[in-house]
Structures are given as structure tokens and as C-alpha cells.
Amino acid sequence: MDSKIEEKAKELANLIRNSQDYKNYLLCRELLKEEPQLYKKVNRFRRDNFLLQIEGETEKLYDEMEKIQNDFAPVRRDIRVSGFLQYEHHLCMMIQQIEELLMEDLDFDVEFLEENYD
């Protein structure tokens with residue numbers, strides 16, 4: 001990687017590390033880690049949710065998402081869990097917005113993702 005690009009990427013990472021959302025995320029994560037069983041349940045929810053979004057069948061996605069939400073509803077009601085998931089979501093959205101900004105400013109062809117090749 002070009003050293004100037006790497007330098008700017010590290011600057012961006014540093015800005016994110018110093019953001020309030022990131023600090024809140026770390027604080028919430030540490031609170032969860034104080035209760036290992038709860039943290040384990042949260043991680044299972046995160047993994048199942050992630051895998052469903054990546055690998056899930058489109059036709060069944062809504063039903064499967066609803067099932068995961070219902071299965072983990074008691075865990076998600078815990079304020080430590082909801083806070084952690086909220087700040088994790090904020091970070092994911094921030095990273096997604098950064099990626100979108102890069103893709104908008106670069107002539108990088110991703111139209112193939114929108115095509116139906118069946």
C-alpha cells in the first residue's frame with residue numbers, strides 16, 4: 001500500500017478511536033465482559049444475526065430475522081446489551097458511510113452487483 005494512503009487510513013482510524021461513539025462502544029463492551037455469560041449470549045446473537053444477513057435466503061430473511069429477534073429479546077432488553085448493540089450499530093454505520101464516500105469518489109465499478117445474471 002502507498003505509504004501516504006496508509007498514513008491517512010491510520011489518521012482516520014485515530015479519529016474514529018477518539019469519537020464518542022467508539023468510546024461508548026468500548027465502555028459498553030467492557031460492562032458486558034464483566035458478566036461473561038451475558039457477553040457470550042450477546043456474541044451468539046451478533047454471530048447469528050451477521051450470518052443470517054450474509055448467508056440468509058432472501059425469501060425467508062424477514063421470518064428468520066424475526067425469529068432471532070424474538071429468541072434474543074430477553075437478552076436485548078438488558079440496558080447494557082441494548083447500549084452495546086446501539087453503539088456497535090453506530091460504528092458499523094459510520095464505517096459504511098466512509099466506504100460509500102470512497103466508492104462515490106472513485107470510479108470503481110460495482111454495477112455487477114445490481115445485475116441479475118440468472
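Q: Does Cys28 count as buried or exposed, and at what relative accessibility?
A: At 12% relative accessibility, Cys28 counts as buried, because buried means under 20% relative accessible area, exposed means over 50%, and partly exposed lies in between, with a 1.4 Å probe and protein chains only. This is a predicted model, in which local features need pLDDT of at least 70 and side-chain atom pairs count only at pLDDT 80 or more, while totals for chains, interfaces and linings use all residues. Residues are numbered from 1 along each chain as its sequence is written, and side-chain values use heavy atoms, with hydrogens and water left out.

Q: How many disulfides does the structure hold?
A: A disulfide is a covalent bond between the sulfur atoms of two cysteines; here the term is applied to a pair of cysteine sulfur atoms within 2.5 Å. The structure holds zero disulfides, and for Cys28 the closest cysteine sulfur, that of Cys92, is 14 Å away, which is too far for a bond. Cys92, at 45% relative accessibility, counts as partly exposed.

Q: At what angle do helix H3 and helix H4 pack, and how far apart are their axes?
A: Two packed helices are described by the angle between their axes and the distance between the axes. Helices are DSSP runs of H or I with at least four residues, numbered from the N terminus, and their axes are lines fitted to C-alpha atoms over the stretch in contact, with angles running from 0 to 180 degrees between N-to-C directions. Helix H3 (residues 36-55) and helix H4 (residues 61-71) pack at about 175°, with axes 11 Å apart, and are therefore roughly antiparallel, given that angles under 35 degrees count as roughly parallel, over 145 as roughly antiparallel, 65 to 115 as roughly perpendicular and the rest as oblique. Phe45, Asp48, Asn49, Leu52 and Gln53 of H3 make the contact with Leu61, Glu64, Met65, Ile68 and Gln69 of H4, where contact means heavy atoms within 4.5 Å.

Q: Which residues of H2 and H3 meet?
A: Tyr25, Arg29, Leu32 and Lys33 in H2 meet Pro36, Leu38, Tyr39, Val42 and Arg46 in H3. This contact has six nonpolar, no polar and three charged residues, where Ala, Val, Leu, Ile, Met, Phe, Trp, Tyr, Cys and Pro count as nonpolar, Asp, Glu, Lys and Arg as charged, and the others, Gly among them, as polar. Helix H2 (residues 20-33) and H3 pack at an angle of about 120°, with their axes 7 Å apart, and are therefore oblique to each other.

Note on methods:
Helices (H or I, at least four residues) and strands (E, at least two) are DSSP runs, numbered from the N terminus.
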